[in-house]
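User: I have a model open and want a quick walk through it. Can you take my questions as they come?

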There are 2 protein chains.
Amino acid sequence: MPYGYRGKILHVDLSSGALTVEEPPESFYRKYMGGQGLGMYYVLKGTSAGVDPLGPENVLALTLSVVTGAPVSGQSRVMANAKSPLTGGIGDAQAGGFWPAQAKFAGFDAFIIKGRAETPVYLWVCDGEAELRDAAHLWGKVTGEAEAAIREELGDPKIEVLQIGPAGEKLVPYACLINMANRANGRTGMGAVMGSKNLKAVAVRGNMRPEIADRKALSSIARWGAKKLPESSIANLSIHGTAGSVLAQNEVGGLPSYNWDSGVFGNPERLDGRTMSDTILKERDTCFGCVVRCKRVVEIQEGPYDVDPLYGGPEYETLGTLGTYCGVFDLAAVSKANELCNMYGLDTITTGAVIAWAMDCFEHGIITMDDTGGVALNYGDGDAVVRMTEMIGNREGFGDLLAEGMAQAAAELGPEAEELVTAVKGNPMPAHMPQVKRSLALIYAVNPYGADHMSSEHDPAYLAFPDRVAQFDLLDPQPVDVLNAEKVRYAMYTQRYYCLLNTIGVCQFVWGAAWQLYGPSQLVDMVRAVTGWRVSLWELMKVGERSLNMMRAFNAREGFTRAEDTLPPKLFKPLSGGPSDGVAVSKEEMGFAVPAYYAMCGWDSEGRPARPKLEELGLGWLAEELSCSSG
Amino acid sequence: MPYGYRGKILHVDLSSGALTVEEPPESFYRKYMGGQGLGMYYVLKGTSAGVDPLGPENVLALTLSVVTGAPVSGQSRVMANAKSPLTGGIGDAQAGGFWPAQAKFAGFDAFIIKGRAETPVYLWVCDGEAELRDAAHLWGKVTGEAEAAIREELGDPKIEVLQIGPAGEKLVPYACLINMANRANGRTGMGAVMGSKNLKAVAVRGNMRPEIADRKALSSIARWGAKKLPESSIANLSIHGTAGSVLAQNEVGGLPSYNWDSGVFGNPERLDGRTMSDTILKERDTCFGCVVRCKRVVEIQEGPYDVDPLYGGPEYETLGTLGTYCGVFDLAAVSKANELCNMYGLDTITTGAVIAWAMDCFEHGIITMDDTGGVALNYGDGDAVVRMTEMIGNREGFGDLLAEGMAQAAAELGPEAEELVTAVKGNPMPAHMPQVKRSLALIYAVNPYGADHMSSEHDPAYLAFPDRVAQFDLLDPQPVDVLNAEKVRYAMYTQRYYCLLNTIGVCQFVWGAAWQLYGPSQLVDMVRAVTGWRVSLWELMKVGERSLNMMRAFNAREGFTRAEDTLPPKLFKPLSGGPSDGVAVSKEEMGFAVPAYYAMCGWDSEGRPARPKLEELGLGWLAEELSCSSG
């Protein structure tokens, strides 16, 4: 077939030290493309049911895609997949930065990592060559220091480093991957998986620029984006970052506060991106080739907290979890805790949510100063949040219990503590509230890697951008607070689209379903321009659906059923205060939505992909492996 | 929503004489669009289970679409839907010509016709006004004469007439609709339905040109098509018409001959379009706005058969059914029989196939000269074909039995005759052989209106145009003679696309999935340019899937189950001669393919759309009405 794409995949067996290069046929690339799709292919093929997430048999896929490194906004993304030590199901996390493009320039589309090195190593990849190098001297170092050391010993300041911090080394199940010391593949503990393999980092550098099938067409798309950004629906994101949405979330009662007891917060403006821009913002950073510059870099040199700009600045979700979740309105304290998370390699969402849950337990007397080693875990105490973040990163004292994860710690503390949990499949809910974006109630429940805000389009877009949403065959805009059949379709279709974005490996701000710089038809044009494939949006949606089905199939193989697709008790209790006062998700709507979603997805009544659906998606090999039901 | 489309639908109640204009909201148009989609909406809403296809309660939908009449090739199509008197399930037939565009200029997108006039009438629609007029003086007239009479009495030679001929008046269950005296909504007896309502014709004329949202973009698409035609994959179609494929079909053993006993024919060149071009072709005609000019006009003034150019010329399928099916290689005889079909308003495919079946019965001694009233029905006798066509049109003698339909006549003659039937759901197979295009075995079996060649892409395209087919997520080209899971996907996806084309109301030659002038992404651009809607191919594929599901739901309501989705015995018997000698469809592959297709479609094990699929397609109202199974 006259396709235009060629690429290489590096297989790394850390037990044997073997490095193997695979060059799949182009039809394979067109079918799996990169990211989630490519990663899930190798994770499913390389692991068996019941694999220990922290054992050498687990496979960690670090994936780019067919478009990574192309000169257009929003394409420099790295995706990580492996069995998650946090959820026991599939893990998935995405990040931007310069590492992804640089890894592509180093000559590869993916790094498929299995086994365990006897002693710490790091992988060095440069211009098509790869080697494993000793990392004993880097072990224990925080991310900024390790990155500097690697650059120095390899003698090139332009090397990009994706790595784990001390939290990953210590197997904290929500340890993340960090690149540039401030970009995180945050969720589901991919850092612990990498740590369990004794792999400290993947350092990349190269000049192997990918071929562009139609450079003129791509350049025209890039120029269009640069011109349209100021008038686009993400213009404000460009100016104030994701932090700029704190106030808006609070206004609709959708800013999770006090461990999700409320959707409003007393002083939201103290944490909002506008305040950040006016005070501690040092610069707006970006990812390779992107005009948006949404990334915040903050610096604090005065007051109780020094914050080093090397570690970036807090995103909206971080301001939520380490801020409003914990009742903290001190931007400096949140920025400090954010810095610590990036130094230690901790997911800021999970870390903040776990601390907020502990504060809730503390307030309810479920834990006391005796448990915490003398730290008073009171809502609003920014110092306690900073201190607890450090203790988690070091697995020190009470931090060692919290380092196990919210659901795991709650199981140790008993039913009262479990009532206060705000996680699905063990993965804490990010700072977007299903109470006021009801389709997220469904997505949080059914998303294969637990509660996640980057797995579908949020409800307000249905009303705000009816003409954009309409191209997903959603012609009947629904209010934010209902979960009917139309909303199930909305969640399902946009979930496939976001799985597609995580497979093509592009940023959801730039290429999203509704809040976006570029729309779906431009995504089609971009993939065509880069690869030379005459793709259609229909084909691409199938690529996204395929990725989703592979993740669900992984979970099914691990024994997941409908029982895992449930929400924590808090969501069914009325919120307090503000516009969402008294609002709760109902069990009745979930009782309707989950089975309706399964059936529309072509899955069985336990949410497992049925054989015909897998065969339809060209995943007959997976149906065979799972011996799954015939309908 | 900021959509750009406005349109009107004319409801005609022939019993009361009431004419009512409906102006649906734009979201309705975007969801159902026109053609099959719009027609099925009204047929389903307007009829109940068990409706008599020839009773006043049946609803006949004559539909255009949101793009009809736009200045671009391949958009002037009229679609007809109603319960079929031939199959007992849904009927569906499409035609081109100038009538569709003229009907749009007359101010309407659809004519929804119910009831029965006491005496013959015709509908006259001009510039947004409509009236029912007496047609007693037209009843009994052949199409050319009736058309001339209507034009004369209304005093405008530019009036376009869609009508039934004497066959429709006499309720021949495979009577068709004819416009321009030579374009046919051929299949499934829509002419009988119109005849049963005492409606002779719908005459249209107008100057209400539809608005074009982006005239410049549409003009650019039109110019591109005019320029690319000579180098496109339908260049030969443009030169020699569909008739130009006789030789190619024969070469691969896919030219049904002698009532489907063989896939080759002794003298294919005698019937091929090249011979036609060199001999009896008078001109190449076209449909409104189309540059392709595939339509043949033949004229014969010498020899045993006069053929009037008013009635056009035979298509490939007609050369098959009235020619090779019957062993006839006399182009003049076939052209004469074609002319008679267009005069009487008979479907050429069904008429030829029924005669061929009768010849097979004659050869087997199942019928004799006593039955036929002295006509020797020998293979190869062109005169017998011409004579029998006339007898069917007049319901005269043995023609009256054949006028009941192949399956119906066979049921009267007994099991031996039924063994020779070449129909599915009573609808005879057109001149494309599943033996050498195996996905058609599935499509012939499961298509809601019986065996049809315009309901999916044929197999050779998978190998001939892999890059075009790839955009349907079909990346693994399959040979023509297998029916595996990949082929089931190929049939299913392209079936949805062809349902889309029959809903948008565009020609499959111009806008097809693979053999085409324009590809799917240009279809998206065209619909955008005309309507102003920002549609995607994904959305459009859902439109097609919706239409298909509505047709299947109609059949389910009529009690159709898997038992109706079967093939005639002939297909399982080896062919004789040529490249397809010994080839047969196997029961094993059908036993795999049909249930696999059902499951992939989201239907139950009897092929009925399950509630979740209908709800996914925004057809919850239909699920309610059917009280269909929940999965």
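**Chain contacts and buried residues**

User: How many salt bridges are there between chain A and chain B?

Analyst: Four salt bridges run between chain A and chain B. A salt bridge here is a side-chain nitrogen of Lys or Arg within 4 Å of a carboxyl oxygen of Asp or Glu. One of them joins the side chains of A:Arg534 and B:Asp467, at 3.3 Å from N to O.

User: Before I go on, what are the ground rules?

Analyst: This is a predicted model, where local features need pLDDT of at least 70, side-chain atom pairs count only at pLDDT 80 or more, and totals for chains, interfaces and linings use all residues. Residues are numbered from 1 along each chain as its sequence is written, chains are lettered from A and ligands numbered from 1 in the order in which they are written, and side-chain values use heavy atoms, with hydrogens and water left out.

User: Back to the interface. How many residue pairs are in polar contact?

Analyst: Ten residue pairs between chain A and chain B, both at pLDDT 80 or more. A polar contact is a pair of N or O atoms within 3.5 Å; within protein, one must be able to donate a hydrogen and the other to accept it, and residues adjacent in sequence count only if both atoms are side-chain atoms.

User: Which elements of chain A give two or more residues to the side that touches chain B?

Analyst: Helices H1 (26-32), H22 (466-470), H23 (485-504), H25 (520-531), H26 (537-557), H27 (587-601) and H28 (611-616) of chain A. H26(A) gives the most, with six residues. Helices (H or I, at least four residues) and strands (E, at least two) are DSSP runs, numbered from the N terminus.

User: What area is buried between the chains?

Analyst: About 3300 Å², of which carbon and sulfur atoms give 60%. That is the accessible area (1.4 Å probe) that two parts lose on being put together, summed over both. In contact terms (heavy atoms within 4.5 Å), 37 residues of chain A meet 37 of chain B.

User: New topic. How many helices and strands are in chain A?

Analyst: Chain A has 29 helices and 16 strands. Its C-alpha trace spans about 65 × 60 × 50 Å along the principal axes. Of its 631 residues, 68% count as buried.

User: Why does A:Ile349 count as buried?

Analyst: Because its relative accessibility is 6%. Buried means under 20% relative accessible area, exposed over 50%, partly exposed in between (1.4 Å probe, protein chains only). A:Ile349 sits in helix H14 (residues 348-363) of chain A.

User: What does A:Ile349 contact beyond four places in sequence?

Analyst: Its partners include A:Arg187, A:Glu317, A:Pro428 and A:His453. A:Arg187 is 162 residues away in sequence, yet 7.8 Å away C-alpha to C-alpha.

User: Is B:Thr318 buried or exposed?

Analyst: B:Thr318 is buried, with a relative accessible area of 4%. It lies in helix H12 (residues 316-323) of chain B. Not counting residues up to four places away, B:Thr318 touches B:Gly323, B:Val334, B:Asn338 and B:Thr348.
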